[in-house]
Amino acid sequence: SFPTRRSSDLKIGSCLFFLLICCQRYLGKVNQQPTTNNHQPSTIKPTNNPTSMKGFLFDMDGTMVDNMMIHHRAWQRKLSELGLAMTIEEVKEKIHGVNNEILERLFGDRFTPADRERISGEKEAAYREIFLPQLKLIDGLQAFLDQAKSANIPMAIGTAAPEENAQFLVDNLGLAPYFQGIFHAGSVSKGKPDPEIFHKAAASIGLEARDCLVFEDSVTGAE
């Protein structure tokens with residue numbers, strides 16, 4: 001499944017760009033601080049200033065990788081196999097939400113719940129197959145992660161993606177060394193916009209969510 005993209009996402013994209021710049025400046029300040037053998041990190045009071053946060057939490061789809069078109073192509077392929085031909089533009093317009101709900105909306109009671117689960121898994125497998133040859137982080141993110149890790153800033157992932165897709169990205173992009181916690185759709189009882197996943201992600205790095213800077217590209221996740 002994947003989130004619906006709306007015009008307000010452009011504003012969030014601009015905010016992400018701004019936050020990346022702020023964080024780059026913050027990392028530079030952290031790296032310039034003198035250290036001693038008994039140096040202890042100072043306690044930072046939570047504020048609205050993104051450079052005062054103690055940890056970073058990342059959404060994954062659309063935030064760390066540009067994969068929305070890959071989802072569209074995977075749906076186009078799977079729907080064609082099921083006898084429903086759609087152009088990419090039609091897929092982008094009509095296919096949004098949770099996989100099982102999409103299948104029920106398009107095909108009614110043609111498939112049993114078990115069939116829908118199976119087809120959903122096949123669609124996600126197609127997504128991974130299509131994405132693998134072109135898999136990469138968004139421009140600039142690798143250097144940003146390297147700087148954050150060098151500055152000893154704890155990081156975790158909180159994604160609405162299924163476990164298989166989350167692990168696919170972590171394994172193939174070598175992300176495990178950067179993140180102390182990786183949480184996916186199967187990690188929570190309530191999906192976004194409920195904040196459960198970010199609370200769990202923050203706890204995995206020993207922090208409260210309010211003390212973390214969250215990188216999120218969708219309106220639902222930002223809520």
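I began with helix α7, whose buried residues pack against α2, α5 and β3 (181-183). A note on conventions: this is a predicted model, where local features need pLDDT of at least 70 and side-chain atom pairs count only at pLDDT 80 or more, while totals for chains, interfaces and linings use all residues. Residues are numbered from 1 along each chain as its sequence is written, and side-chain values use heavy atoms, with hydrogens and water left out.

**Helix α7**

I listed the buried residues of α7 (residues 163-173) as N165, A166, F168, L169, V170 and L173. Buried here means under 20% relative accessible area, with a 1.4 Å probe and protein chains only. Helices are DSSP runs of H or I with at least four residues, strands are E runs of at least two, and both are numbered from the N terminus. Just after α7, I noted that G174 takes a positive phi of about 65 degrees.

Why does N165 count as buried? Because its relative accessibility is 1%. Leaving out residues up to four places away in sequence, I found N165 touching H71, E124, Y127 and R128; contact means heavy atoms within 4.5 Å.

**α2 against α5**

Next I checked the axes of α2 (residues 68-81) and α5 (residues 113-131), which come within 8 Å and cross at roughly 125 degrees. Axes are lines fitted to C-alpha atoms, for helices over the stretch in contact, and angles run from 0 to 180 degrees between N-to-C directions. The two helices are therefore oblique to each other, the class left after under 35 degrees (roughly parallel), over 145 (roughly antiparallel) and 65 to 115 (roughly perpendicular).

I then looked up who meets whom: residues of α2 including I70, W75 and K78 meet residues of α5 including I119, Y127 and F131. By class, this contact has 8 nonpolar, 1 polar and 7 charged residues. Asp, Glu, Lys and Arg count as charged, Ala, Val, Leu, Ile, Met, Phe, Trp, Tyr, Cys and Pro as nonpolar, and the others, Gly among them, as polar.

**The cores**

The largest nonpolar core has 32 residues, and F56, F58, M64, L145, L169 and F179 have the most contacts inside it. Such a core joins buried Ala, Val, Leu, Ile, Met, Phe, Trp, Tyr and Cys residues through side-chain atoms within 4.5 Å. Its largest share, 5 residues, comes from α7.

I also followed L145, which touches F58, M64, L137, M155, L175, Y178 and F179, again not counting residues up to four places away in sequence.

Technical notes
Buried means under 20% relative accessible area, exposed over 50%, partly exposed in between (1.4 Å probe, protein chains only).
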